[in-house]
Amino acid sequence: MDKEEKARLKAAKKAAKKNKTPWYRNFIDAYKLVVKVFPWAAYVVWGSCALFLVLGIVLAAVTGHWISWIIIGVALSILAPMVTLTTLISKAAYRQADGIPGATGGVLSQLGRGWITKEEPVEFSRDMKNFVFRAVGKPGVVLVAEGPGDLSPMMRAAAKQVNRTVSSAPVVTLYVGHGPKQVKLEDLRKTIKRLPRTMTAQEISDTAQRLDAIKAGAMPIPKGMDPAKARMATRSRIR
């Protein structure tokens, strides 16, 4: 390896180190997001920190074991806020994304292994405010509608298309919102995960492929708008 290659390697390592996000930045980002959505969380975070720190000092004074109890108190005062933020970060991210066009697509993309989701809505209104997204998994074909308008016609059209293409696949319809028969965005993933499982992995793959085959004839989404890529701010989690 000559001097020029060594210099390039050194510069690459330096740039990678510079671009690497410090662990505390994840903590700060998570704290900002949680407090923005849940202002009371600031009192819980700092209150629990102070509580365990004081508790460690008190127990150290009572028992006489200063070093051990101080270490335990400091550790718990750091751990308690992190546990609080870890518990609230996902809920805060969902709350922040609630109402953003295409947020449902972000939730479906996080269903994980065993699910095949669409990168774009299968039905959408002309004003790009109402959407129907699709996911294929063990419960069957799950259609999820979101938007402020009348979603019934769009949902019926999407369900009819599925039944016409793969009549053997179960079709589940869900509506995202805050109405009596709607599912909150923050509860959508949990609701889908609880659906009865009726399809095998091979059936999931075959169904998704047959549904994707009709994509070419579908009306394209207008340029400049990709609601399926509206993702929640979940990258600000504590790692």
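**Notebook: strands, salt bridges and a nonpolar patch**

I began with the strands and found that β4 (residues 140-146) and β5 pair in the parallel sense over five bridges; two strands count as paired if DSSP finds at least two bridges between them. Within this pairing, L143 has T173 of β5 as its bridge partner. The model is a predicted one, where local features need pLDDT of at least 70, side-chain atom pairs count only at pLDDT 80 or more, and totals for chains, interfaces and linings use all residues. Residues are numbered from 1 along each chain as its sequence is written, and side-chain values use heavy atoms, with hydrogens and water left out.

**Entry: the faces of β5**

Buried here means under 20% relative accessible area, exposed over 50%, and partly exposed in between (1.4 Å probe, protein chains only). In a regular strand the side chains alternate between the two faces of the sheet.

**Entry: the whole chain**

I counted eight helices and five strands; helices (H or I, at least four residues) and strands (E, at least two) are DSSP runs, numbered from the N terminus. Along the sequence they follow the pattern α-α-α-α-α-β-β-β-β-α-β-α-α. Of the 239 residues in the chain, 36% are buried.

I checked pLDDT, the predictor's confidence in each residue, from 0 to 100. The chain has a mean of 81, and 80% of its residues reach 70 or more. Among the elements, strand β5 (residues 171-175) has the highest mean (93) and helix α1 (residues 3-19) the lowest (60). Over residues 222-239 pLDDT stays under 50, and the model has 55 contacts for them beyond four places in sequence; a contact means heavy atoms within 4.5 Å. I keep a reminder for myself: where pLDDT is low, the predicted coordinates should not be read in detail.

**Entry: salt bridges**

Which residues are linked with E186 in a network of salt bridges? I found K91 and R95 there, a salt bridge being a side-chain nitrogen of Lys or Arg within 4 Å of a carboxyl oxygen of Asp or Glu. E186 and K91 meet at 3.1 Å, N to O. E186 lies in helix α7 (residues 185-193) and K91 in helix α4, so this pair ties together parts that are 95 residues apart in sequence. For E186 and R95, the closest N and O atoms are 2.5 Å apart, and that pair also links α7 with α4, 91 residues apart. E186 is buried, at 18% relative accessible area, whereas K91 is partly exposed at 36% and R95 is partly exposed at 40%.

I also noted D187 and K190, whose closest N and O atoms are 3.9 Å apart in a salt bridge. Both lie in α7, three residues apart, about one turn of the helix. The count comes to four salt bridges.

**Entry: a nonpolar patch**

I found a nonpolar surface patch of about 730 Å², made by L53, I57, W66, I67, I70, I71, V74 and I78. The elements that give two or more residues to this patch are α3 (41-63) and α4 (66-97), with the largest share, six residues, from α4. Patches are made of residues with over 30% relative accessible area and no salt bridge: like charges are joined within 9 Å, nonpolar side chains (Val, Leu, Ile, Met, Phe, Trp, Tyr) within 5 Å. Areas come from the Shrake-Rupley method with a 1.4 Å probe; for residues, only the protein chains shown count as cover. V74, in helix α4, is partly exposed at 34%.
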